[in-house]
Amino acid sequence: MILHANCKINLGLDILRRREDGFHELETVMLPVRELYDTVEVERAEETTFEQSGLVVDCNAEDNLCMKALRLMQRLYGVGEVRIKLDKQVPFGAGLGGGSSDATAIILALNELFELGLSEEQLIEVAAMIGSDTAFFVRNTPQLCTGRGEKMEPINLPLQGYYIAIAKPEEGVSTKEAYAGVRPAVPQVRLAEALKRAIDEWQGVVKNDFEPHIFEAHPIIAELKQKMLEAGAVYASMSGSGSAVFGLFESVPQLDIETNIYLKIAKL
């Protein structure tokens with residue numbers, strides 16, 4: 001079985017408060033970007049193996065989220081041995097959720113291969129055990145996400161026909177670094193209300209609370225956002241905890257970006 005594990009972007013990300021369990025309460029809208037994806041192949045086997053190609057992820061196989069998803073499903077539902085192949089094309093350390101998407105693809109594949117018959121609610125519950133944005137990829141449609149990111153509500157966005165440009169510098173941003181500098185606060189205009197405005201009114205209202213301190217520590221990320229706006233983006237932002245930046249355009253953008261910067265242009 002072959003699945004395309006697409007990435008996501010965050011339209012707005014408000015950190016509301018720190019919770020007693022150590023996590024942060026947030027509000028964000030996650031939007032799938034279907035033209036940028038990893039390819040995940042899963043099939044039954046006599047023994048479990050994991051192979052990876054494409055972008056190199058510097059970690060042991062058992063630490064890869066694909067294997068963590070497999071081990072979780074084996075523990076919860078007793079699924080058997082499988083062969084996993086991952087062709088990595090979504091940049092990591094980018095705030096694009098590539099690893100989370102891969103993990104969810106494994107969960108979905110195992111549910112079908114071993115005929116578990118898990119409901120969407122059960123699949124979301126399992127995916128949420130792996131990470132805060134992993135559950136999003138079960139639905140893989142625009143969602144207003146709250147809690148740690150695992151509570152979801154469908155949201156309609158007028159983005160059909162727009163182009164998206166995603167740029168990522170060589171340097172990444174760890175989740176630990178992103179949360180270390182954040183200052184939680186409830187915004188005057190809540191995200192769901194802000195997104196009801198015309199798209200050309202989003203800039204400065206639909207914001208990402210990680211940006212101020214991440215931009216200070218990594219000026220190249222701030223520069224990429226500015227280049228998106230200068231190229232005519234109707235809205236630009238850092239995605240998640242970074243370091244990827246995206247811009248929304250009404251037509252195919254012409255971007256003057258250095259060759260060492262990852263760049264992907266797709267249609268929504």
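How much space lies in the largest pocket? About 1000 Å³, in this predicted model.

**View 1. The largest pocket and its lining.**
The lining of the largest pocket counts 43 residues. Nearest the centre of this pocket lie Gly 97, Ser 100, Asp 133, Thr 175 and Ser 241. Several elements each supply at least two lining residues: S1, S2, H1, S4, H2 and helix H5 (175-180). By class, the lining holds 16 nonpolar, 19 polar and 8 charged residues.

**View 2. The second largest pocket.**
The space in this pocket comes to about 260 Å³. It is lined by 14 residues, and Leu 31, Pro 32, Arg 34, Pro 142 and Leu 268 are the closest to its centre. Two elements give two or more residues to this lining, S2 and strand S10 (262-267). Of the elements, S2 gives the most, with 5 residues. The lining comprises 9 nonpolar, 2 polar and 3 charged residues.

**View 3. The largest nonpolar core.**
In soluble globular proteins, nonpolar side chains tend to be buried together. Here the largest such core has 35 residues. Leu 70, Ile 106 and Leu 110 have the most contacts inside this core. The elements giving two or more residues to the core are strands S1 (2-18), S2 (24-44) and S4 (82-88), together with helices H1 (65-77), H2 (98-113), H3 (120-128) and H4 (136-139). A second, separate core has 29 residues, including Val 29, Ile 164, Val 206 and Ala 266.

**View 4. Close-up on Ile 106.**
What does Ile 106 touch, not counting residues up to four places away in sequence? The list is Val 40, Val 42, Cys 66, Ala 69, Leu 70 and Ile 84. Both Ile 106 and Leu 70 are among the residues with the most contacts inside the largest core.

**View 5. Thr 134 beside Ser 100.**
Thr 134 sits in the loop between H3 and H4. Is Thr 134 buried or exposed? Its relative accessible area is 0%, so Thr 134 is buried. The C-alpha atoms of Thr 134 and Ser 100 are separated by 4.7 Å, although these residues are 34 residues apart along the chain. Leaving aside neighbours within four places in sequence, Thr 134 contacts Ser 100, Ala 103, Thr 104 and Ala 127.

Most residues other than glycine have a negative phi, and most peptide bonds are trans. Glu 115 belongs to the loop between H2 and H3. At 71% relative accessibility, Glu 115 is exposed, because the cut-off for exposed is over 50%. Asn 140 lies in the loop between H4 and strand S5 (143-146). With a relative accessible area of 12%, Asn 140 counts as buried, because the cut-off for buried is under 20%.

**View 6. The cis peptide bond from Gly 242 to Ser 243.**
Omega of this bond is near 15°. Where does Ser 243 lie? Ser 243 is in the loop between strand S8 (235-238) and strand S9 (245-249).

Definitions and conventions:
Residues numbered from 1 in each chain as written. Predicted model: local features only at pLDDT ≥ 70, side-chain atom pairs only at ≥ 80, totals over all residues. Heavy atoms only, no water. Core = buried A, V, L, I, M, F, W, Y, C linked by side-chain atoms within 4.5 Å. Buried < 20%, exposed > 50% of the residue type's maximum accessible area, 1.4 Å probe, protein only. Helix = DSSP H or I, 4+ residues; strand = E, 2+ residues; numbered from the N terminus. Contact = heavy atoms within 4.5 Å. 1 Å grid on protein atoms, 1.4 Å probe; cavity = no way out; pocket = protein on both sides within 12 Å on 5 of 7 lines; lining within 4 Å. Points joined across faces, edges and corners; volume = space filled by probe spheres on them. Nonpolar A, V, L, I, M, F, W, Y, C, P; charged D, E, K, R; others polar.
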